[in-house]
Each structure stands twice: as C-alpha cells, then as structure tokens.
Amino acid sequence: MKTQRVAIGLTLVNLGLLIFLVAQLGNAGAQNVAPVLRGRGLEIVDSQGQVRAEIVVHGPETVNGKTYPETVLFRMATPQRAPLMKLTVSEEGWALGLSDDSQPGGTELRANRNKGNYVKVVNSDGHEQTIKP
C-alpha cells in the first residue's frame, strides 16, 4: 500500500513538472526572437542555389591605381549573375545603376562629392547621354 502511494505521488509530481515545462516552451519561443539580424553580408538564392540578391560591405580597395572607399552594395541579378539593379553607398556618395542586361546599355543615377550629381543613360548601341544640374 505504501509503495502505491509513493508511485501515485511521483506520478503527480511528474505531471506537475510536465505541465510547467510545456508552459515554459510556449513562452520561450516568443522570447527568443532576435530584434536585429547582424552579419557581414546577406545573400538571397533561388531554387537552383544561384545568388539573386545580395547586400555586402566592401572594404577600401585599390583597383588600377585608384583607391575606392569602403562601400555598402545592394545588388539584384539574373540567374546568370548579370546585375540588373545595383545600389552603392560610400563616404563619397551613392549610385544607383539599372540595366536591361544589354551591354553596354543602362541607366546610372549618381550623387557624389567628387563627380557631382548626374543621370547617365546609355543605350544598347553605346550612345551615351548625361544630364547634370
């Protein structure tokens, strides 16, 4: 008889612990949501694993003797990685490039401390027109 009481007591304690733990699981899921996503880059891929959109931070670089400042880049591309939309921001200003994937066609909108503000449009034949204020 005494063993039966101990078994019933342990069963009730276990039931109480189970109810408590299940209640905590429901609360823990809502509290573990990160308020900010942090990282050095973000890539969005399609069903074939091809990068279709990305946000990255490029450090200062020197290319062909010209030094470029640290830049944040947001790019969206076709499955063949041809950029159709590119937005860059740096200490010098920003630039937005839009393309229909025809070389060298596209549109560039730029606000830059050194180069000034302008809109440049290039058609698929390479004919270029720049509009400056």
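The accessible surface of the chain comes to about 10,500 Å², and carbon and sulfur atoms hold 58% of that area; areas come from the Shrake-Rupley method with a 1.4 Å probe. Of the 133 residues in the chain, 19% are buried, where buried means under 20% relative accessible area. The model is predicted: local features need pLDDT of at least 70, side-chain atom pairs count only at pLDDT 80 or more, and totals for chains, interfaces and linings use all residues. Residues are numbered from 1 along each chain as its sequence is written, and side-chain values use heavy atoms, without hydrogens and water.

The C-alpha trace spans about 100 × 30 × 30 Å along its principal axes. The radius of gyration of the chain is 29 Å, whereas a compact globule of 133 residues would have one near 14 Å; the radius is taken over C-alpha atoms, and the globule rule is 2.2 Å times the number of residues to the power 0.38.

The chain has 1 helix and 10 strands, in the order α-β-β-β-β-β-β-β-β-β-β. Helices (H or I, at least four residues) and strands (E, at least two) are DSSP runs, numbered from the N terminus.

The largest pocket holds about 900 Å³ of space. A pocket is an open set of points on a 1 Å grid where a 1.4 Å probe fits, with protein on both sides within 12 Å along at least five of seven lines; lining residues have an atom within 4 Å of a point. Its volume is the space filled by probe spheres set on the points. Of the 36 lining residues, Lys-86, Thr-88, Ala-95, Glu-108 and Arg-110 lie nearest the pocket centre.

| Lining class | Residues |
|---|---|
| Nonpolar | 13 residues |
| Polar | 13 residues |

Note on methods. Ala, Val, Leu, Ile, Met, Phe, Trp, Tyr, Cys and Pro count as nonpolar, Asp, Glu, Lys and Arg as charged, and the others, Gly among them, as polar. Buried means under 20% relative accessible area, exposed over 50%, partly exposed in between (1.4 Å probe, protein chains only).
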